[in-house]
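Thanks, everyone. Please have a look at it before I start.

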Amino acid sequence: MSRVYNFSAGPAVLPEEVLKEAASEMLDYQGTGMSVMEMSHRSKAYQTIIDEAEKDLRDLMNIPDNYKVLFLQGGASQQFAMIPMNLFKNKVGDYIITGQWAKKAWQEAKLYGKANAIASSADKTFSYIPDCSDLPIDEDADYVYICQNNTIYGTVYHELPNTKGKTLVADVSSCFLSEPIDVTKYGVIYGGVQKNVGPAGVVIVIIREDLITEDVLPGTPTMLRYKTHADAGSLYNTPPCYGIYICGKVFKWLKARGGLEAMKEYNEKKAKILYDFLDSSKLFKGTVEKKDRSLMNVPFVTGDEELDALFVKEAKAAGFENLKGHRTVGGMRASIYNAMPIEGVEKLVAFMKDFEEKHTK
């Protein structure tokens, strides 16, 4: 069977070259006589894998020396608690609510102190990014928190909020490595890798060193302290070894393709094909305000639930997988991450045109 076009929001499509290379090394990684899945995380071979992965990520993102890169577990959702546990000094966090994940992070922070919702786009089903140029930032806020790209709703911050000097914390799970970012504008950048970087099971945290301290909330478990992992080079306990190995391969794949500048150009080209069609279509409509559209996640609807369901069913039969929208919003969503080839988007649009012809009078 040939490979399908997988538009899943995560776990998501991975580069074919990476999968083939991993397959060729499955039984014998570089003459070790074993798979990376079987390898001790304390071995010299594995130390090289994790060191190279970190070095390549630092190169790709131009990560300054005063930031640590941590390969952790627990998914992005565990960071909802780790952030307040480690960063709360005044026990105040300011949250901008642009979707389900920012909302969940905000609710979690309330367990540990005061979490303010200082802006929200809930009034229009999170279909836009609120104006963040002059926010009511709490004087005591330990940080300002955003979810930079909203997987479910298909919005993205094209401009970072004015945090008035407060530390910016960003969940970048679904736009990780899709374009260059200036790491120095953030205190913490983190993301689950299963959308744009690797297989589920790894979360990458990039954190400024001054934010890694012993001074955490009382009762914070050893495993939930950034310092534990920073001091041990992400090897305090057995890490998700195989997942990190695949991430490392994806970093090399990105470097070979010209890095994040080249990826941004490619992603813009892909997204334009789909958005241009949606803007001219008589049947399909995008659901996001144009100025806030994501390059990674594109939600759309026909306006008729039965027709939406038929579209998803027929698309699946034609080899386009996982186009059903998130259960909280319905409709359709095409996630077009780095590894989705441009022809996948072109073929999807051709299929949508045919469907439109059949179903418009």
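This is a predicted model: local features need pLDDT of at least 70, side-chain atom pairs count only at pLDDT 80 or more; totals for chains, interfaces and linings use all residues.

Residues are numbered from 1 along each chain as its sequence is written, and side-chain values use heavy atoms, with hydrogens and water left out.

Salt bridges. The structure holds 23 of them, each defined as a side-chain nitrogen of Lys or Arg within 4 Å of a carboxyl oxygen of Asp or Glu. Glutamate 16 pairs with lysine 20 at 3.3 Å, N to O. Both sit in helix H1, four residues apart, about one turn of the helix. Helices (H or I, at least four residues) and strands (E, at least two) are DSSP runs, numbered from the N terminus. Glutamate 16 is partly exposed at 38% relative accessible area, and lysine 20 is exposed at 55%. On those words: buried is under 20% relative accessible area, exposed is over 50%, and partly exposed is in between, with a 1.4 Å probe and protein chains only.

Glutamate 25 and lysine 249 form another salt bridge, at 3.0 Å, N to O. This pair links distant parts of the chain, 224 residues apart: glutamate 25 is in the loop between H1 and H2, and lysine 249 is in helix H6, residues 241-256. Are these two residues buried or exposed? Both glutamate 25 and lysine 249 are buried.

Lysine 164 bridges to aspartate 134, with the closest N and O atoms 2.6 Å apart. Here the partners are 30 residues apart, lysine 164 in the loop between strands E7 and E8 and aspartate 134 in the loop between strands E4 and E5. Lysine 164 is partly exposed at 42%; aspartate 134 is exposed at 60%.

Last, the surface. Met26, Leu27 and Met37 form a nonpolar patch with about 340 Å² of accessible area together. Methionine 37 lies in the loop between helix H1 (16-24) and helix H2 (44-61), and is exposed at 55%. Patch residues have over 30% relative accessible area and no salt bridge; like charges are joined within 9 Å, and nonpolar side chains (Val, Leu, Ile, Met, Phe, Trp, Tyr) within 5 Å. Accessible areas come from the Shrake-Rupley method with a 1.4 Å probe, and for residues only the protein chains shown count as cover.
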